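Here's a quick briefing to read alongside the structure. Have the model open and click through the residues as we go.

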Amino acid sequence: MSTVLNTISRRGRGQLPVLVTSVLLVVMFAVGSVNYQGFFSGQVLLNLLIDNGFLLVVAVGMTFVILTGGIDLSVGAMVALSTMVSAWLVQTHGWPPLVVIPLVLAIGTGAGLAMGWVIQNFEIQPFIVTLAGMFLARGLCYTISIDSISITDPTYTAMAQTKIPLGELFVSPSVLIAVLVVVAAFTVLHHTKFGRNVYALGGSEQSSLLMGLPVARTKIAVYGVSGFCSALGGVLMTFYMLSGYGLHAVGLELDAIAAVVIGGTLLTGGSGYLLGTVLGVLVLGLIQTVITFQGTLSSWWTKIVIGALLFVFILLQRLMTARRRV
């Protein structure tokens, strides 16, 4: 019991990585503002959300999984499958979006629950199960079509082109959806019994069992949450790209994991903040924006910088964990 209580209390001591990420975000924005004309703008910050709304939603689902000490490698492939199913049903078969979108969300949630069930009942490492899910989802994309399917449906076009004014600035409808997801997830994680169970499970599964917590239900549910967020991220990517393609979101699972870790969530589980994940996504988006403004660097520098940051934050986590043991 004391192990679980200590795990829950670690959330209060885990604010340092979030603070570091916040400072990093401010410093990067300040450096960009000094070096590049037009960078110091509220619209530049809002564009981070417009361009990365789908990543933010996927990273929210990944946060739930990593907080339990698990991992989900299938999210990028599930995003691609969602875009393909949406484009195939809407564009090729003429299904209405009000039917297609709930169906896509149900497919993603069901796939996540199925993977969680296999992980729990057969005691297989999440890495292996979700890797299999990744290959399955990506393969299913190509059974639908090996080519990109463009979408001209008025509903999807309107979602892609609509600008919601915020004074002189604007955001897209996808940003509002992503913000609602963040608010809902924050409420669940920090103000419900399920959220407390997620943190406790990540701290010690054995202690959670001894306390009588619903370990099996919680573990299966977090993968269902991740599957739902992946499918919703796919819907938002469909709005953003106006197409379905089997090569959409390649490597997105790694970006989502990087955002969660940079945001301060421990890979071993039990400690982390959803706000940190939001900051992590903004940091990744800001790196790409700075490189775009710079103009002479290859886009691959985005991956190099993200890799370096990820390495630094993993070392920071390691140092914090070692200090707590002492």
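We'll begin with Lys 219, which is found in helix H11, residues 215-241. Keep in mind that this is a predicted model.

- Is Lys 219 buried or exposed? It counts as buried, because its relative accessible area is 14% and the cut-off for buried is under 20%.
- Setting aside neighbours within four places in sequence, Lys 219 has contacts with Ile 119, Gln 120, Leu 201 and Glu 205.

**Asn 52 in H3**

- Asn 52 sits in helix H3, and with a relative accessible area of 11% this residue is buried too.
- Which residues does Asn 52 touch, not counting those up to four places away in sequence? The answer is Val 281 and Gly 285.

**How H12 and H13 pack**

- Two packed helices are described by the angle between their axes and the distance between the axes.
- For H12 (residues 252-262) and H13 (residues 274-294), that angle is about 120° and the axes are 7 Å apart.
- Why call the pair oblique? Roughly perpendicular covers 65 to 115 degrees and roughly antiparallel starts over 145, so at about 120° H12 and H13 are oblique to each other.
- The crossing of H12 past H13 is right-handed.

**Aromatic rings**

- How many aromatic pairs does a search of the whole structure find? It finds 9.
- One of them is Tyr 36 with Phe 39: the ring centres are 6.4 Å apart and the planes are at 45°, so this pair is tilted.
- Phe 39 also pairs with Phe 293, with centres 5.0 Å apart and planes at 70°, so here the pair is edge-to-face.
- Phe 39 lies in the loop between helix H2 (15-35) and helix H3 (42-67), while Phe 293 is in helix H13, so their pair ties together parts that are 254 residues apart in sequence.
- What about accessibility? Phe 39 is buried at 0% relative accessibility, whereas Phe 293 counts as partly exposed at 33%.
- Zooming out a bit, ring pairs join Phe 29, Tyr 36, Phe 39, Phe 40 and Phe 293 into a cluster.

- Glu 123 isn't a glycine, yet has a positive phi of about 50°.
- Where is Glu 123? Look in the loop between helix H5 (97-122) and helix H6 (126-144).
- Glu 123 is exposed, with a relative accessible area of 73%.
- Ala 249 also has a positive phi without being a glycine, with a value near 65°.
- You'll find Ala 249 in the loop between strand E4 (243-244) and H12.
- Ala 249 counts as buried, at 11% relative accessibility.

Notes: Residues are numbered from 1 along each chain as its sequence is written. This is a predicted model: local features need pLDDT of at least 70, side-chain atom pairs count only at pLDDT 80 or more; totals for chains, interfaces and linings use all residues. Side-chain values use heavy atoms; hydrogens and water are left out. Axes are lines fitted to C-alpha atoms, for helices over the stretch in contact, and angles run from 0 to 180 degrees between N-to-C directions. Helices (H or I, at least four residues) and strands (E, at least two) are DSSP runs, numbered from the N terminus. Angles under 35 degrees count as roughly parallel, over 145 as roughly antiparallel, 65 to 115 as roughly perpendicular and the rest as oblique. A crossing is left-handed if the near helix is turned anticlockwise from the far one by less than a right angle, and right-handed if clockwise. Buried means under 20% relative accessible area, exposed over 50%, partly exposed in between (1.4 Å probe, protein chains only). Contact means heavy atoms within 4.5 Å. Rings of Phe, Tyr and Trp (its six-membered ring) pair if their centres lie within 6.5 Å; planes under 30 degrees apart count as stacked, over 60 as edge-to-face and the rest as tilted.
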